[in-house]
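Here is a quick tour of one chain, taken piece by piece. Have the viewer open and follow along.

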Amino acid sequence: MPLLTVRLPRNATLATALRELALTADEVDTAFGLVAVDPDQGLYALRVTDAAAARMSTSGNGDVEVFADPRVEPINGPTRDPDNLL
């Protein structure tokens, strides 16, 4: 899911973000929620679907920036010798 940085009113909530950005709960990673990056400046982060990110990036709204948010995990998982766990 792409990550958005958005400008919203101070002390914004996820409900505020949905309303202000015309998003539905299905378009947002509600488990990630709305993360305050710099609440004094009204800057927040929000993960959204690819379709919502595409719509937001072409909306002409200068208060929204779209970033990739790739999953970070090992490619093949850790390899361990069960006889030597140290």
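## Threonine 16

Threonine 16 is buried, with a relative accessible area of 14%; buried means under 20% relative accessible area, exposed over 50%, and partly exposed in between, using a 1.4 Å probe and protein chains only. You'll find threonine 16 in helix α1, residues 14-21. Helices (H or I, at least four residues) and strands (E, at least two) are DSSP runs, numbered from the N terminus.

The side chain of threonine 16 also has a partner: a polar contact of 3.0 Å joins it to the side chain of threonine 13. A polar contact here is a pair of N or O atoms within 3.5 Å; within protein, one must be able to donate a hydrogen and the other to accept it, and residues adjacent in sequence count only if both atoms are side-chain atoms.

A word on the source: this is a predicted model, where local features need pLDDT of at least 70 and side-chain atom pairs count only at pLDDT 80 or more, while totals for chains, interfaces and linings use all residues. Residues are numbered from 1 along each chain as its sequence is written, and side-chain values use heavy atoms, with hydrogens and water left out.

## Helix α2

Helix α2 covers residues 50-57, and Ala52, Ala53 and Met56 are buried in it. Looking down the axis of α2, the buried residues fall within an arc of 100°, so they line one face of the helix. That arc is taken from the directions from the helix axis to the C-beta atoms.

## Strand β3 and its neighbours

Strand β3 (residues 43-47) is mostly covered, with 4 of its 5 residues buried. Strand β1 (residues 3-7) pairs with β3 in the antiparallel sense over 5 bridges; two strands pair if DSSP finds at least two bridges between them. Across that pairing, leucine 3 stands opposite arginine 47.

Strand β2 (residues 34-38) is also antiparallel to β3, over 4 bridges, and here leucine 34 stands opposite leucine 46. β2 and β3 make a hairpin with 4 residues between them, and glycine 42 in the turn has a positive phi of about 75°.

## Arginine 47

Back to arginine 47, which belongs to strand β3 and is buried, at a relative accessible area of 18%. A polar contact of 2.8 Å links its side chain to that of aspartate 29. The charged end of arginine 47 sits over the ring of phenylalanine 32, 5.8 Å from the ring centre; the rule asks for NZ of Lys or CZ of Arg within 6 Å of the ring centre and within 35 degrees of the ring normal.
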